[in-house]
Amino acid sequence: MYKFIITIELMPGTRDEILARAPIAQAATRAEPGCLAYDFFTCTDDPDKLVFVESWVDEAAHGFHMEQQHTKDFIAFHEQFHKRLTFETINVAD
C-alpha cells in the first residue's frame with residue numbers, strides 16, 4: 001500500500017474556493033483503478049489548513065493518478081492559494 005498525508009497551509013480566506021472544486025476531483029480520483037481512499041479534511045483549529053489523506057494499492061497507481069488531466073487541473077488550481085505544502089508518506093505502525 002502507498003499512503004500519504006498532504007497538509008496545505010493556505011492564504012487566508014481561500015479554503016472555500018478549493019473546497020468548492022474538491023468534490024469533482026474526489027469523485028474522479030475515487031473512480032481510478034488502485035485508489036483505496038481519497039479524502040479531504042479541514043482543521044478545526046485553523047480554517048486556512050487543509051489535509052488530504054490518500055491510499056493507493058501501490059506507488060504505480062498513484063503515478064497513474066498524477067498523469068490524469070483532472071488531477072493536473074485540480075493541482076494547478078489550488079497551488080495558487082498555497083502558503084506551504086507538506087507531503088508525508090505514512091505506514092501502519094507495527
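The model is predicted. Its largest pocket has a volume of about 230 Å³. A search of the whole structure finds three salt bridges. A nonpolar surface patch is formed by M1, L36 and V57.

**Largest pocket**
- Lining this pocket are 18 residues, and those closest to its centre are I6, E54, M66, I75 and H78.
- Two or more lining residues come from each of α1 (15-30), β3 (46-56), α2 (59-67), α3 (69-79) and β4 (82-90).
- The most comes from α3, with six residues.
- By class, nine lining residues are nonpolar, seven are polar and two are charged.

**Salt bridges**
- R84 and E9 pair through their side chains at 3.8 Å, N to O.
- This pair links distant parts of the chain: R84 lies in strand β4 and E9 in strand β1 (residues 2-10), 75 residues apart.
- R84 is partly exposed at 49% relative accessibility, and E9 is partly exposed at 25%.
- R15 and D16 form a salt bridge at 3.7 Å, N to O.
- R15 is partly exposed, at 23% relative accessible area, whereas D16 is exposed, at 53%.
- D39 and R30 meet in a salt bridge at 2.4 Å, N to O.
- D39 is partly exposed, with 25% relative accessible area, and R30 is partly exposed, with 44%.

**Nonpolar surface patch**
- Together, M1, L36 and V57 have about 320 Å² of accessible area.
- L36 sits in strand β2 (residues 35-43).
- L36 has a relative accessible area of 49%, so this residue counts as partly exposed.

How values were computed:
Residues are numbered from 1 along each chain as its sequence is written. This is a predicted model: local features need pLDDT of at least 70, side-chain atom pairs count only at pLDDT 80 or more; totals for chains, interfaces and linings use all residues. Side-chain values use heavy atoms; hydrogens and water are left out. On a 1 Å grid over the protein atoms alone, a cavity is a set of points where a 1.4 Å probe fits but cannot get out, and a pocket is an open set with protein on both sides within 12 Å along at least five of seven lines; lining residues have an atom within 4 Å of a point. Grid points are joined across faces, edges and corners, and a volume is the space filled by probe spheres set on the points. Helices (H or I, at least four residues) and strands (E, at least two) are DSSP runs, numbered from the N terminus. Ala, Val, Leu, Ile, Met, Phe, Trp, Tyr, Cys and Pro count as nonpolar, Asp, Glu, Lys and Arg as charged, and the others, Gly among them, as polar. Patches are made of residues with over 30% relative accessible area and no salt bridge: like charges are joined within 9 Å, nonpolar side chains (Val, Leu, Ile, Met, Phe, Trp, Tyr) within 5 Å. Accessible areas come from the Shrake-Rupley method with a 1.4 Å probe; for residues, only the protein chains shown count as cover. A salt bridge is a side-chain nitrogen of Lys or Arg within 4 Å of a carboxyl oxygen of Asp or Glu. Buried means under 20% relative accessible area, exposed over 50%, partly exposed in between (1.4 Å probe, protein chains only).
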